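This report describes selected local features of one structure, shown below. Please keep the sequence and the model at hand while reading.

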Amino acid sequence: MALRVALLNFCFDDYTIELANSLVNYVDLILIQQEKSSSACKGVLDERIPVLRFKKPSMRNPKNILSMWEMMRLIREVKPDVLHVQEAYDIWYLLTILLNKTPPLVTTIHDVFSHPGDGETVFASEYTRPISFHRSQQLIVHTQLHKQTLNQKFGISEQQINVLPHGELGSLYQRRSHKKNLLREPYTLLFFGRIWPYKGLKYLLQAMPLVAERFPEVKLIIAGRGENINQYFPHGYDEQRYEVMNNYISYEDVVKLFERSTVTILPYIEASQSGVAALSYGMGTPVIASEVGGLKEIVRHQEDGLLVPPGDVQALADAIIDLLSDRQLQQKMQIAALSRSQEDLNWSNIAAQTVDVYQKAIQMSA
């Protein structure tokens with residue numbers, strides 16, 4: 001008889017969709033999610049997966065008590081052998097699992113700590129998030145660094161922490177897009193994702209003039225929301241050199257951005273893991289990243305990307321120049337990035353490993 005699993009997600013919709021689409025081949029799967037996540041699933045979630053939804057108000061709304069009651073009612077109705085939660089640092093959820101009995105609990109931790117300067121950090125989450133660490137029978141993380149931190153800083157047994165890679169996301173966006181492939185622009189760089197201080201955009205902007213000395217045709221696409229982008233360009237910017245998309249970006253436009261670009265730049269000064277790297281590899285776009293946090297485990301230097309010291313403007317510029325000046329290296333890294341998507345970043349492989357984690361959680365609860 002197939003294992004019955006309830007997959008609960010408050011965020012990380014893309015990750016949840018791709019994991020669910022592969023898990024359904026291994027277990028009897030039910031997806032429980034907030035109503036606002038339904039649009040992300042449209043047309044890309046496997047039709048075999050039943051979906052149960054509940055309304056989730058904003059954090060400070062006392063109606064969260066009713067929301068959590070409904071969430072627990074759905075879990076009890078499903079009667080899963082395992083409850084698998086995608087990292088939820090919502091205080092209402094954490095108090096709910098602290099005060100209620102749950103099925104054997106597996107939690108995927110995408111970020112152990114909040115990122116410095118992240119304006120979207122959940123209120124008081126630094127104090128309450130350890131509840132999910134200690135309440136879960138098994139934890140899934142994406143890097144050895146995460147495992148080490150949970151073990152050393154929070155006292156979680158190594159036997160409870162499983163390192164599974166963040167699966168590729170390129171194929172998901174391509175399914176949503178339905179557009180033909182674009183030709184890569186040979187001197188176009190991409191900075192994609194939320195714009196907060198820890199993402200290190202300022203170092204990339206300082207490196208751009210150094211790159212332009214060698215390649216006057218170089219162009220940087222900055223695509224994402226977060227801080228006010230104008231603070232990075234107090235005197236305006238050259239529209240020939242910079243293409244700025246500081247607003248909502250459609251799925252089709254996301255695909256176009258990665259297809260157009262020769263390389264994705266992640267000049268972060270702090271990092272745990274990176275969904276942007278997972279998306280970039282799935283699109284066959286190599287990555288130049290800071291050798292920091294989990295990024296140094298994700299990017300394979302000189303194979304599918306390049307690593308540079310964080311905050312080192314000259315090293316970043318040199319890496320960009322090296323890649324732009326070597327078409328053979330570009331092609332080699334594009335092929336390697338796509339190969340990663342079929343190997344360790346392949347969702348079917350990740351789902352099979354996830355089922356093993358479920359069995360461990362059940363054994364711990366017995």
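## Surroundings of Thr 108

In this predicted model, Thr 108 touches Tyr 15, His 84, Val 85, Gln 86, Glu 87, Ile 140 and His 142, leaving out residues up to four places away in sequence; contact means heavy atoms within 4.5 Å. Thr 108 belongs to strand E5, residues 105–108. Helices (H or I, at least four residues) and strands (E, at least two) are DSSP runs, numbered from the N terminus.

The side chains of Thr 108 and His 84 are joined by a polar contact of 2.7 Å. Such a contact is a pair of N or O atoms within 3.5 Å; within protein, one must be able to donate a hydrogen and the other to accept it, and residues adjacent in sequence count only if both atoms are side-chain atoms. With a relative accessible area of 0%, Thr 108 is buried (buried: under 20% relative accessible area; exposed: over 50%; partly exposed: in between; 1.4 Å probe, protein chains only).

Leaving aside neighbours within four places in sequence, Leu 23 is in contact with Leu 7, Leu 29, Ala 351, Thr 354, Val 355 and Tyr 358.

Leu 23, Leu 29 and Phe 192 have the most contacts inside the largest nonpolar core, which has 59 residues. A nonpolar core is a set of buried Ala, Val, Leu, Ile, Met, Phe, Trp, Tyr and Cys residues joined through side-chain atoms within 4.5 Å. Helix H15 (residues 347–365) supplies the largest share of this core, 7 residues. A second, separate core of 35 residues includes Phe 191, Met 208, Ile 222 and Leu 306.

## Cysteines

The whole structure contains 0 disulfides (pairs of cysteine sulfur atoms within 2.5 Å). For Cys 11, the nearest cysteine sulfur is that of Cys 41, 13 Å away. Cys 11 is partly exposed, at 31% relative accessibility, whereas Cys 41 is buried, at 6%.

## Confidence and conventions

The mean pLDDT, the predictor's confidence in each residue from 0 to 100, is 90 for the protein, and 95% of the residues score at least 70. Over residues 115–119 the pLDDT is below 50. Where pLDDT is low, the predicted coordinates should not be read in detail.

Residues are numbered from 1 along each chain as its sequence is written, and side-chain values use heavy atoms, with hydrogens and water left out. Local features need pLDDT of at least 70 and side-chain atom pairs count only at pLDDT 80 or more, while totals for chains, interfaces and linings use all residues.
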